[in-house]
Amino acid sequence: QVQLVESGGGSVQAGGSLRLSCAASADLGSTYCMVWFRQAPGKEREGVAAINRVYGATYSADSVKGRFTALQDNAKRTIYLQMNRLKHEDTAMYFCAAGAPFAGCKDDWYSTYKYKTWGQGTQVTVSS
C-alpha cells in the first residue's frame, strides 16, 4: 500500500503563504482523487482542497476558496497545497489522503470516510 508523507508546515504570520507537499512512496497510477484535510484542536477533520490527478480538476472548501489550491507534479509523485493569504483560523494539522482506485473526487470529495490512505500530517500555525 502506498504511503503518504506530508511536509512544508511551519509557523507563518497572517497574510503570508506556505506550500505543503505530500509525497507518495509509490506510483499513484490508479488514484484519481487526492485530497488535503485539516484538523484543528477540538474540531472535526475537514476537507480543504482536492485535485483529480487525471483531469486536473481542482476543488476547494468555501472557507479557503480563492486562497488555497491543490497542485500536482506527477513525475515526482507529489501533490501540493498552495496556501495564500493565511489567516489565524487556518492553524491546524494538515493531512493528505488518497482516494480509492479509479474513483473521481465527485461532489463529496471532502468526506473523510471515503479515504483509507492518509499521511501523518504537518502542522501549520498562523499567528495574527
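R67 and D90 form a salt bridge (a Lys or Arg side-chain nitrogen within 4 Å of an Asp or Glu carboxyl oxygen), with the closest N and O atoms 2.8 Å apart. The pair links distant parts of the chain, 23 residues apart: R67 lies in the loop between β6 (58-60) and β7, D90 in the loop between β8 and β9. Strands (E, at least two residues) are DSSP runs numbered from the N terminus. Both R67 and D90 are buried, meaning under 20% relative accessible area with a 1.4 Å probe and protein chains only.

The model is predicted; local features need pLDDT of at least 70, and side-chain atom pairs count only at pLDDT 80 or more, whereas totals for chains, interfaces and linings use all residues. Residues are numbered from 1 along each chain as its sequence is written, and side-chain values use heavy atoms, without hydrogens and water.

D90 also forms a salt bridge with R38, where the closest N and O atoms are 2.9 Å apart. R38 sits in strand β4, 52 residues from D90. D90 counts as buried because its relative accessibility is 0%. R38 counts as buried at 6%. A network of salt bridges links R38, E46, R67 and D90. The whole structure contains four salt bridges.

Definitions and conventions
Helices (H or I, at least four residues) and strands (E, at least two) are DSSP runs, numbered from the N terminus. Buried means under 20% relative accessible area, exposed over 50%, partly exposed in between (1.4 Å probe, protein chains only).
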